[in-house]
Amino acid sequence: MPLKTEIVPPRGQVTDEQQMCLEWNRTLLLKELESDCILPLLRRDGIFDAADEEKVLSKQVRSEQNDILLDIIENRTSRGFDAFLSALEETNHKRAAQRLRGSMLQVRRDSVTQLTEHVLEVDNESEVSSTSSHENEILQLREIIQQLREENSQLVEKADLLEQAEEKISTLEEQIDELYDENAALKRTLKEMREEIDEVKQNAQIEKRSFETKLRNLQTDREMDKKAFERNVVRMNSMFSKLQGQLSDVESKLENKMDRNQSRLESSENLNVSGRRPQFPTRELVLYREKSSRAGPRDGKGAGKFGKGPKKP
(Lines give C-alpha, C1' and ligand atoms only; values in the text may rest on other atoms or scores of the structure.)
Protein backbone atom coordinates (compact mmCIF):
# COMPACT_ATOMS: atom_id res chain seq x y z
CA MET A 1 0.00 0.00 0.00
CA PRO A 2 1.59 3.33 -1.04
CA LEU A 3 2.38 5.81 1.66
CA LYS A 4 0.26 8.92 1.85
CA THR A 5 2.29 11.94 0.76
CA GLU A 6 1.86 15.14 2.73
CA ILE A 7 0.71 18.22 0.84
CA VAL A 8 3.41 20.84 0.44
CA PRO A 9 2.26 24.16 1.94
CA PRO A 10 2.14 27.18 -0.36
CA ARG A 11 5.02 29.62 -0.12
CA GLY A 12 4.74 33.33 -0.64
CA GLN A 13 3.54 36.56 0.89
CA VAL A 14 -0.10 37.37 1.48
CA THR A 15 -1.60 40.37 -0.29
CA ASP A 16 -1.07 43.88 1.01
CA GLU A 17 -4.69 44.06 2.12
CA GLN A 18 -4.40 40.77 4.04
CA GLN A 19 -1.11 41.91 5.56
CA MET A 20 -2.74 45.13 6.79
CA CYS A 21 -5.67 43.16 8.28
CA LEU A 22 -3.28 40.90 10.21
CA GLU A 23 -1.30 43.87 11.47
CA TRP A 24 -4.39 45.83 12.56
CA ASN A 25 -5.80 42.87 14.53
CA ARG A 26 -2.57 41.26 15.72
CA THR A 27 -3.07 42.24 19.38
CA LEU A 28 -6.54 40.68 19.43
CA LEU A 29 -5.37 37.54 17.65
CA LEU A 30 -2.43 37.06 20.01
CA LYS A 31 -4.81 37.22 22.95
CA GLU A 32 -7.77 35.15 21.74
CA LEU A 33 -6.44 32.46 19.38
CA GLU A 34 -6.22 28.85 20.55
CA SER A 35 -3.55 27.40 18.30
CA ASP A 36 -4.10 23.78 19.36
CA CYS A 37 -7.60 23.99 17.84
CA ILE A 38 -6.58 25.81 14.64
CA LEU A 39 -3.47 23.79 13.72
CA PRO A 40 -5.30 20.53 12.79
CA LEU A 41 -7.50 22.43 10.31
CA LEU A 42 -4.54 24.22 8.75
CA ARG A 43 -2.76 20.89 8.32
CA ARG A 44 -5.92 19.38 6.83
CA ASP A 45 -6.05 22.17 4.23
CA GLY A 46 -2.35 21.81 3.44
CA ILE A 47 -1.37 25.24 4.74
CA PHE A 48 0.84 23.89 7.57
CA ASP A 49 3.05 20.84 7.66
CA ALA A 50 4.41 18.85 10.61
CA ALA A 51 7.42 21.11 10.96
CA ASP A 52 5.21 24.22 11.14
CA GLU A 53 3.00 22.60 13.76
CA GLU A 54 5.99 21.52 15.83
CA LYS A 55 7.47 25.00 15.62
CA VAL A 56 4.25 26.54 16.98
CA LEU A 57 3.79 23.99 19.76
CA SER A 58 7.41 24.30 20.88
CA LYS A 59 6.41 27.43 22.77
CA GLN A 60 4.69 27.05 26.13
CA VAL A 61 2.97 30.44 26.31
CA ARG A 62 -0.18 30.80 24.19
CA SER A 63 0.63 34.32 22.98
CA GLU A 64 4.05 33.13 21.77
CA GLN A 65 2.45 30.21 19.93
CA ASN A 66 -0.01 32.59 18.25
CA ASP A 67 2.81 34.96 17.29
CA ILE A 68 4.65 32.20 15.43
CA LEU A 69 1.38 31.01 13.84
CA LEU A 70 0.65 34.50 12.45
CA ASP A 71 4.19 34.84 11.14
CA ILE A 72 3.79 31.59 9.21
CA ILE A 73 0.35 32.64 7.87
CA GLU A 74 1.88 35.83 6.44
CA ASN A 75 4.15 33.60 4.30
CA ARG A 76 1.45 31.21 3.03
CA THR A 77 -0.02 33.37 0.23
CA SER A 78 -3.61 34.57 0.03
CA ARG A 79 -4.84 30.95 -0.01
CA GLY A 80 -3.30 30.46 3.41
CA PHE A 81 -5.00 33.62 4.66
CA ASP A 82 -8.40 32.41 3.42
CA ALA A 83 -7.85 28.97 4.99
CA PHE A 84 -6.86 30.66 8.25
CA LEU A 85 -10.06 32.74 8.17
CA SER A 86 -12.16 29.60 7.56
CA ALA A 87 -10.38 27.79 10.40
CA LEU A 88 -11.25 30.65 12.75
CA GLU A 89 -14.93 30.32 11.89
CA GLU A 90 -14.90 26.53 12.27
CA THR A 91 -13.20 26.65 15.69
CA ASN A 92 -15.64 29.18 17.19
CA HIS A 93 -13.26 32.15 16.89
CA LYS A 94 -16.15 34.15 15.48
CA ARG A 95 -15.10 37.47 16.95
CA ALA A 96 -11.61 37.27 15.43
CA ALA A 97 -13.02 36.17 12.06
CA GLN A 98 -15.49 39.06 12.01
CA ARG A 99 -12.78 41.55 12.88
CA LEU A 100 -10.61 40.29 10.02
CA ARG A 101 -13.47 40.40 7.51
CA GLY A 102 -14.43 43.89 8.66
CA SER A 103 -10.83 45.00 8.30
CA MET A 104 -10.73 43.55 4.79
CA LEU A 105 -13.77 45.60 3.80
CA GLN A 106 -12.25 48.70 5.34
CA VAL A 107 -8.97 48.18 3.51
CA ARG A 108 -10.74 47.63 0.19
CA ARG A 109 -12.91 50.68 0.73
CA ASP A 110 -9.82 52.77 1.45
CA SER A 111 -8.08 51.34 -1.58
CA VAL A 112 -11.06 52.12 -3.80
CA THR A 113 -11.22 55.64 -2.40
CA GLN A 114 -7.53 56.20 -3.04
CA LEU A 115 -7.78 54.75 -6.52
CA THR A 116 -10.83 56.87 -7.28
CA GLU A 117 -9.06 60.01 -6.16
CA HIS A 118 -6.04 59.09 -8.25
CA VAL A 119 -8.19 58.45 -11.30
CA LEU A 120 -9.99 61.75 -10.83
CA GLU A 121 -6.67 63.53 -10.69
CA VAL A 122 -5.60 61.81 -13.87
CA ASP A 123 -8.95 62.69 -15.44
CA ASN A 124 -8.60 66.34 -14.56
CA GLU A 125 -5.10 66.46 -15.94
CA SER A 126 -6.24 64.75 -19.10
CA GLU A 127 -9.02 67.28 -19.60
CA VAL A 128 -6.46 70.09 -19.57
CA SER A 129 -4.14 68.44 -22.03
CA SER A 130 -6.51 66.16 -23.90
CA THR A 131 -5.94 65.23 -27.49
CA SER A 132 -7.85 63.01 -29.86
CA SER A 133 -5.42 60.19 -29.24
CA HIS A 134 -6.22 60.16 -25.48
CA GLU A 135 -10.01 60.31 -25.75
CA ASN A 136 -10.45 56.52 -25.75
CA GLU A 137 -8.23 56.15 -22.70
CA ILE A 138 -10.18 58.87 -20.90
CA LEU A 139 -13.47 57.12 -21.64
CA GLN A 140 -12.07 53.86 -20.30
CA LEU A 141 -10.83 55.62 -17.19
CA ARG A 142 -14.24 57.18 -16.63
CA GLU A 143 -15.88 53.77 -16.95
CA ILE A 144 -13.38 52.41 -14.43
CA ILE A 145 -14.12 55.33 -12.13
CA GLN A 146 -17.84 54.63 -12.36
CA GLN A 147 -17.32 50.97 -11.58
CA LEU A 148 -15.05 51.86 -8.70
CA ARG A 149 -17.63 54.28 -7.35
CA GLU A 150 -20.30 51.58 -7.51
CA GLU A 151 -18.00 49.09 -5.81
CA ASN A 152 -17.09 51.68 -3.22
CA SER A 153 -20.76 52.34 -2.54
CA GLN A 154 -21.37 48.62 -2.15
CA LEU A 155 -18.37 48.30 0.13
CA VAL A 156 -19.61 51.19 2.24
CA GLU A 157 -23.01 49.54 2.56
CA LYS A 158 -21.37 46.23 3.47
CA ALA A 159 -19.12 47.96 5.97
CA ASP A 160 -22.11 49.64 7.58
CA LEU A 161 -23.95 46.34 7.70
CA LEU A 162 -20.85 44.70 9.14
CA GLU A 163 -20.57 47.38 11.84
CA GLN A 164 -24.22 46.91 12.72
CA ALA A 165 -23.72 43.16 12.78
CA GLU A 166 -20.67 43.56 15.02
CA GLU A 167 -22.66 45.77 17.39
CA LYS A 168 -25.46 43.20 17.49
CA ILE A 169 -22.95 40.41 17.99
CA SER A 170 -21.27 42.35 20.79
CA THR A 171 -24.66 42.91 22.44
CA LEU A 172 -25.53 39.24 22.01
CA GLU A 173 -22.18 38.20 23.46
CA GLU A 174 -22.82 40.39 26.51
CA GLN A 175 -26.27 38.86 26.87
CA ILE A 176 -24.79 35.39 26.47
CA ASP A 177 -22.23 36.14 29.17
CA GLU A 178 -25.00 37.34 31.47
CA LEU A 179 -27.02 34.23 30.70
CA TYR A 180 -23.97 32.08 31.43
CA ASP A 181 -23.57 33.83 34.77
CA GLU A 182 -27.27 33.43 35.56
CA ASN A 183 -27.11 29.81 34.49
CA ALA A 184 -24.10 29.20 36.73
CA ALA A 185 -25.88 30.91 39.64
CA LEU A 186 -29.01 28.83 38.99
CA LYS A 187 -26.93 25.67 38.88
CA ARG A 188 -25.33 26.55 42.21
CA THR A 189 -28.75 27.33 43.70
CA LEU A 190 -30.16 24.10 42.29
CA LYS A 191 -27.25 22.15 43.72
CA GLU A 192 -27.76 23.72 47.14
CA MET A 193 -31.51 23.00 46.98
CA ARG A 194 -30.83 19.39 46.01
CA GLU A 195 -28.42 19.05 48.91
CA GLU A 196 -31.04 20.53 51.27
CA ILE A 197 -33.70 18.19 49.86
CA ASP A 198 -31.39 15.21 50.30
CA GLU A 199 -30.69 16.28 53.88
CA VAL A 200 -34.42 16.70 54.58
CA LYS A 201 -35.08 13.27 53.06
CA GLN A 202 -32.39 11.69 55.22
CA ASN A 203 -33.77 13.36 58.35
CA ALA A 204 -37.29 12.31 57.40
CA GLN A 205 -36.16 8.72 56.92
CA ILE A 206 -34.37 8.77 60.28
CA GLU A 207 -37.47 10.19 62.00
CA LYS A 208 -39.66 7.67 60.21
CA ARG A 209 -37.50 4.77 61.37
CA SER A 210 -37.47 6.20 64.90
CA PHE A 211 -41.26 6.59 64.87
CA GLU A 212 -41.74 3.07 63.54
CA THR A 213 -39.44 1.74 66.29
CA LYS A 214 -41.38 3.64 68.97
CA LEU A 215 -44.67 2.41 67.50
CA ARG A 216 -43.46 -1.19 67.53
CA ASN A 217 -42.29 -0.76 71.11
CA LEU A 218 -45.65 0.70 72.10
CA GLN A 219 -47.48 -2.13 70.37
CA THR A 220 -45.23 -4.65 72.08
CA ASP A 221 -45.77 -2.98 75.47
CA ARG A 222 -49.50 -2.88 74.84
CA GLU A 223 -49.59 -6.55 73.97
CA MET A 224 -47.51 -7.35 77.03
CA ASP A 225 -49.79 -5.22 79.24
CA LYS A 226 -52.82 -6.89 77.70
CA LYS A 227 -51.40 -10.34 78.34
CA ALA A 228 -50.45 -9.36 81.89
CA PHE A 229 -53.96 -7.98 82.47
CA GLU A 230 -55.50 -11.16 81.12
CA ARG A 231 -53.25 -13.24 83.39
CA ASN A 232 -54.23 -11.08 86.38
CA VAL A 233 -57.93 -11.49 85.52
CA VAL A 234 -57.52 -15.24 85.26
CA ARG A 235 -55.59 -15.32 88.54
CA MET A 236 -58.19 -13.13 90.31
CA ASN A 237 -61.05 -15.26 88.98
CA SER A 238 -59.24 -18.32 90.19
CA MET A 239 -58.66 -16.76 93.60
CA PHE A 240 -62.28 -15.60 93.74
CA SER A 241 -63.51 -19.08 92.88
CA LYS A 242 -61.22 -20.55 95.48
CA LEU A 243 -62.39 -18.05 98.09
CA GLN A 244 -66.01 -18.80 97.23
CA GLY A 245 -65.32 -22.48 97.68
CA GLN A 246 -63.62 -21.86 101.01
CA LEU A 247 -66.45 -19.59 102.12
CA SER A 248 -68.99 -22.19 101.18
CA ASP A 249 -67.06 -24.80 103.13
CA VAL A 250 -66.88 -22.52 106.17
CA GLU A 251 -70.60 -21.75 105.98
CA SER A 252 -71.39 -25.43 105.63
CA LYS A 253 -69.22 -26.28 108.63
CA LEU A 254 -70.78 -23.51 110.69
CA GLU A 255 -74.28 -24.65 109.85
CA ASN A 256 -73.44 -28.24 110.76
CA LYS A 257 -71.88 -27.15 113.98
CA MET A 258 -74.85 -24.93 114.81
CA ASP A 259 -77.19 -27.83 114.13
CA ARG A 260 -75.22 -30.10 116.44
CA ASN A 261 -75.17 -27.49 119.15
CA GLN A 262 -78.90 -26.96 118.83
CA SER A 263 -79.51 -30.70 119.17
CA ARG A 264 -77.36 -30.89 122.26
CA LEU A 265 -79.13 -27.88 123.71
CA GLU A 266 -82.53 -29.41 123.19
CA SER A 267 -81.37 -32.66 124.72
CA SER A 268 -80.07 -30.82 127.77
CA GLU A 269 -83.35 -28.99 128.27
CA ASN A 270 -85.33 -32.21 128.06
CA LEU A 271 -83.17 -33.74 130.77
CA ASN A 272 -83.81 -30.81 133.05
CA VAL A 273 -87.56 -31.18 132.68
CA SER A 274 -87.47 -34.92 133.57
CA GLY A 275 -85.77 -34.29 136.95
CA ARG A 276 -82.29 -35.07 136.19
CA ARG A 277 -79.42 -33.01 137.51
CA PRO A 278 -78.90 -30.10 135.22
CA GLN A 279 -75.78 -30.05 133.32
CA PHE A 280 -73.94 -26.82 133.08
CA PRO A 281 -73.41 -25.61 129.52
CA THR A 282 -70.07 -25.96 127.97
CA ARG A 283 -68.11 -23.05 126.64
CA GLU A 284 -69.25 -23.74 123.06
CA LEU A 285 -72.85 -23.81 124.22
CA VAL A 286 -72.45 -20.49 125.97
CA LEU A 287 -71.02 -18.92 122.79
CA TYR A 288 -73.80 -20.40 120.76
CA ARG A 289 -76.44 -19.06 123.11
CA GLU A 290 -74.94 -15.62 123.00
CA LYS A 291 -74.95 -15.71 119.25
CA SER A 292 -78.53 -17.00 119.23
CA SER A 293 -79.65 -14.30 121.65
CA ARG A 294 -78.23 -11.66 119.34
CA ALA A 295 -79.77 -13.26 116.25
CA GLY A 296 -83.24 -13.80 117.82
CA PRO A 297 -85.36 -16.95 118.18
CA ARG A 298 -85.01 -19.73 115.65
CA ASP A 299 -88.01 -21.66 114.32
CA GLY A 300 -90.27 -20.08 117.03
CA LYS A 301 -88.39 -21.77 119.88
CA GLY A 302 -86.76 -20.09 122.84
CA ALA A 303 -83.20 -20.33 123.98
CA GLY A 304 -84.14 -22.41 127.07
CA LYS A 305 -83.26 -21.84 130.68
CA PHE A 306 -80.04 -20.04 130.10
CA GLY A 307 -81.18 -17.96 127.14
CA LYS A 308 -83.33 -14.90 126.74
CA GLY A 309 -86.12 -16.53 124.78
CA PRO A 310 -89.67 -17.09 126.07
CA LYS A 311 -90.12 -19.44 129.00
CA LYS A 312 -91.55 -22.84 128.42
CA PRO A 313 -95.12 -23.34 129.93
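Q: If contact means heavy atoms within 4.5 Å, which residues is Leu42 in contact with, once its neighbours within four places in sequence are left aside?
A: Leaving aside those neighbours, Leu42 is in contact with Ile47, Phe48, Leu69, Ile73, Ala83, Phe84 and Ala87. This is a predicted model, in which local features need pLDDT of at least 70 and side-chain atom pairs count only at pLDDT 80 or more, while totals for chains, interfaces and linings use all residues. Residues are numbered from 1 along each chain as its sequence is written, and side-chain values use heavy atoms, with hydrogens and water left out.

Q: What makes up the protein chain, in helices and strands?
A: Helices are DSSP runs of H or I with at least four residues and strands are runs of E with at least two, numbered from the N terminus; the protein chain has 9 helices and 0 strands.

Q: Why is Asn66 called buried?
A: Asn66 has a relative accessible area of 0%, and buried means under 20% (exposed is over 50% and partly exposed lies in between, with a 1.4 Å probe and protein chains only), so Asn66 counts as buried. Asn66 sits in helix H5, residues 62-73, and, with neighbours within four places in sequence left aside, it is in contact with Leu29, Leu30, Leu33 and Ser35.

Q: Which residues of H5 are buried, and what covers them?
A: In H5, the buried residues are Gln65, Asn66, Ile68, Leu69, Leu70, Ile72 and Ile73, and what covers them includes H1, helix H2 (26-32), H3, helix H4 (50-57) and H6.

Q: Why is H4 called roughly antiparallel to H5?
A: The two helices pack at an angle of about 150°, with their axes 8 Å apart, where axes are lines fitted to C-alpha atoms, for helices over the stretch in contact, and angles run from 0 to 180 degrees between N-to-C directions. Angles over 145 degrees count as roughly antiparallel (under 35 as roughly parallel, 65 to 115 as roughly perpendicular, the rest as oblique), and therefore H4 is roughly antiparallel to H5. The contact is made by Asp52, Lys55, Val56 and Leu57 of H4 together with Gln65, Ile68, Leu69 and Ile72 of H5.

Q: What makes a set of residues a nonpolar core, and which residues have the most contacts inside the largest one?
A: A nonpolar core is a set of buried Ala, Val, Leu, Ile, Met, Phe, Trp, Tyr and Cys residues joined through side-chain atoms within 4.5 Å. The largest has 28 residues, and those with the most contacts inside it are Leu42, Phe48, Leu69, Phe84 and Leu88. Helix H1 (16-24), helix H3 (35-44), H5, helix H6 (77-90) and helix H7 (94-128) each supply at least two residues of this core, with H6 giving the most, 6 residues. Apart from this core lies another, of 5 residues, among them Val112, Leu148, Leu155 and Leu162.

Methods. Contact means heavy atoms within 4.5 Å.
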